[in-house]
Amino acid sequence: MIGDDRLPAGVPANLARLADTVARLRSEIDHAHAVADGRALIELAKGVLMERLHCAPSDAARQLETLAARAGMTPLEFAADVVGEAAEDRVTEVAQEFLARADDSGDADDAIAVRLRTAESGVLAAGDTQRVAESILDHALRPLGATAVAVWLAGADGSMTLAGSAGFSAEEAARWRYVPPGVATPARSALIERDTVWCPTLAAAGLPSIGQHTLSGGGRVTVPTGTGGRIIGVVEMCWPDPLPEEPGRRRRQLEALAELCAYTLDTRELPPVADVLGELVDFIDGLHDPAVLLTPCHDGGDFHIHHANVRFADPGGRPRSRIVGTRLLESYPLAAQESGLLDRVQRVYATGEPFRADSMAITTLVDQVPLTVLTDISVTRFAGNVLLILRIQDDAAKLAVLLQHAQRLGRIGGFEENVVTGVITWNTELFSLYGLPPNAAPLSLHELAGHAHPDDAPAIGRFLRAVLHHKRPSSTAFRLQRSDGVARHIRVVAEPVVDGRGELVAVRGAYQDVSSQHWTEVALAATRDRLAETEQEAMERNRLALQLQHAIMPPAKGPIDMPGLRAAVRYRPAEKEHLVGGDWYDAVALPTGEVLLCVGDVAGHGIDAATGMVSLRNALRGLAATGAGPAQLLTWLNLVAYHLTDHVTATAVAAVYDPAHRKLRWARAGHLPPIVRHRDGTATTLPLVRGSLLGAVRDVTYEEDELQLAAGDILLIYTDGLIERRDRPVQDSVSRLVTLVDGHDGGLEHQLDTLLTYSTADTDDDTCVVGIEVTTA
């Protein structure tokens, strides 16, 4: 061989010198390539340092040399480390793998890292698959013992084109520059299987390939390469010796190397994805066949249903809006198991080879029920997407699908019984209704009573007599008792089929499961009964609450004459009886000669509010007998509400009037302040003394105030039902009430009637107003 130092004896001197010259030139060329690759790698490292250090190119070059010297490395080795650290990509990972696998090569670890990174640099800079093959063989595969590599470009028709090779003679590469479709080779096996094919020896594989005469006893590894699940080509790597049966960790290394070849194999300039999809959508909409456009998912393995044209008919009968935008396995979850549809789509997307099949069974789930339909399938790859045509074979099949859906949704099972031959035909849904397997023997109408509740036997007998003997259509309902213990409510409808002489020939009909309707009617009837009972109980509770309230505080009562004052009360209950509240009032002459005046409002409505009101009113009466002032009375009453009632809270105003001195001492517990109208006609609210509502907290301090009254003054104490509105603040309503009192010049009872008449409250709450007029006696 030219360039070999071991020339045979007798070779002429001029031929030897020529061989030495060729070897020297070849070495210089290889050195020039290595220098170019190294220079590109150093330039990449300088770019990384410029970005990180924010310096000029000359400064980055000096920094690279300085840092390499400090690390005890050559600039090229240091550049490989810098680029690898910055990239953190698959090449860096492969380099780490190779450091563990190539110890027997005799190269230093740093040298191997340089080779891998320079191999990548050569791939990116060359743009030539031939140069890529040479770079991968020299820098990465030789340390693993490989002697040759071939890079194949896969055609859409299944053909294979040799895009680049290294380690083979030019004559061998020329003979294998093109492999037609259908020719079985190791590279085509990897393309079809979409996976790495590991051949311990080429002879054992029994397949022809490049270098088969010189390397037949060695091993072969063929790795498909591409991006995004689409296979662009195959990388075939050759060893002179047999390979072990198990690839072990080496398989991952070789697959990572094959990824470097995809860069130069896929050199076509494609339009933007949005433009491609838009053009494909327009193309699909113009087809007369029902078509679906599938786009690959980023996580791999599945496809998005991007678009479906108006002619597309889902095998499950679903509208297009429920299909478009979903994943293929989401709409057709059985496509990966029974029909193999997903595998076909993945194969077409990966290899580019179209697939067509007639009468392919597609199974889909509709409302969790499997439905199988025979369809014609066509799958084709277009610009990185997949065009799928699913065509139900004929109109009869479509009608059968619709009928099957209608029967399934309505839980209807059809039957036909030939009374002459005894042949009985059931559809699939009827077996399901009876809880029988599809291969069970159908039941005759004469056996119907044996599978029904005994109480339904008379109704079934009337049904059979009408159909079989009187030969007229009939229907009945019965309770089906299945062998699995499940009871269903069934309605059966049947009609007789007679011949020209009027003789009965067959009976056709249908069973329908009406269990849901039956139990709905039962539940509705039970709900009506419970509602009636609840309404009756509510009416009774409201009646008792109203009676209790009226027994303690009659709605209307005449003036109360007491020492030094005259009191009048107006109580207006809520318009709706179920809103009976806890408003209360009291006026009691105390043993000390003073008069206790109080008004309160218990939170809530109904019997609980009424009983809480009674408890607080009676407690205050008893406490007032001690002679304590209003503030102390409210302090005790708060303890009663907090400890001795069932979570009762209330507001209240308590006042003690001394007729001898016409002095009023009062305190409030979260209640609105009273209004006083002086005898000169002016009205004003009393000061807002401190005091929180009763029953909220245990320890409360109430503030007490004193008011000097004169003969003719009127004191008004009221609950919030008189003024409360949803659309305005309480203070505005109080101001309007003061204005209404200030403009009135009538007597006490007329004053109270006017307040109730012109009340603007809109909450439909109880209202209580107590008026006290100071007299001279």
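The largest cavity in this predicted model has a volume of about 80 Å³. It is one of 4 cavities of 30 Å³ or more that the structure holds. Which residues line the largest cavity? The lining is made up of L722, I723, S733, R736, L737, L740, L755, Y758, S759 and T760. Helix 20 (residues 730–742) gives the largest share of that lining, with 4 residues. Sorted by class, the lining has 6 nonpolar, 3 polar and 1 charged residues.

On to the charged pairs. Side chains of opposite charge can pair when their charged atoms come close. How many salt bridges does a search of the whole structure find? The count comes to 23. Here are three of them, with their N to O distances:

| Salt bridge | Distance (N to O) |
|---|---|
| R194 with D343 | 2.8 Å |
| R617 with D586 | 3.5 Å |
| R621 with D586 | 2.4 Å |

Take R194 and D343, whose side chains meet at 2.8 Å. R194 sits in the loop between helix 8 (186–193) and strand 4 (197–199), while D343 belongs to helix 13 (residues 341–351), so this bridge ties together parts that are 149 residues apart in sequence.

R617 lies in helix 18 (residues 607–624) and D586 in strand 19 (residues 581–589), so the contact ties together parts that are 31 residues apart in sequence. Both R617 and D586 are buried.

The side chain of D586 also meets that of R621, here at 2.4 Å from N to O. R621 is in helix 18 and D586 in strand 19, 35 residues apart, and the pair links distant parts of the chain. Why does R621 count as partly exposed? Its relative accessibility is 39%, and the partly exposed class runs between the 20% limit for buried and the 50% limit for exposed. D586, at 5% relative accessibility, counts as buried because that value is under 20%.

There is also a network to look at: R725, R726, D727 and D762 are joined into one by salt bridges that share partners.

Terms used: Residues are numbered from 1 along each chain as its sequence is written. This is a predicted model: local features need pLDDT of at least 70, side-chain atom pairs count only at pLDDT 80 or more; totals for chains, interfaces and linings use all residues. Side-chain values use heavy atoms; hydrogens and water are left out. A salt bridge is a side-chain nitrogen of Lys or Arg within 4 Å of a carboxyl oxygen of Asp or Glu. Helices (H or I, at least four residues) and strands (E, at least two) are DSSP runs, numbered from the N terminus. Buried means under 20% relative accessible area, exposed over 50%, partly exposed in between (1.4 Å probe, protein chains only). On a 1 Å grid over the protein atoms alone, a cavity is a set of points where a 1.4 Å probe fits but cannot get out, and a pocket is an open set with protein on both sides within 12 Å along at least five of seven lines; lining residues have an atom within 4 Å of a point. Grid points are joined across faces, edges and corners, and a volume is the space filled by probe spheres set on the points. Ala, Val, Leu, Ile, Met, Phe, Trp, Tyr, Cys and Pro count as nonpolar, Asp, Glu, Lys and Arg as charged, and the others, Gly among them, as polar.
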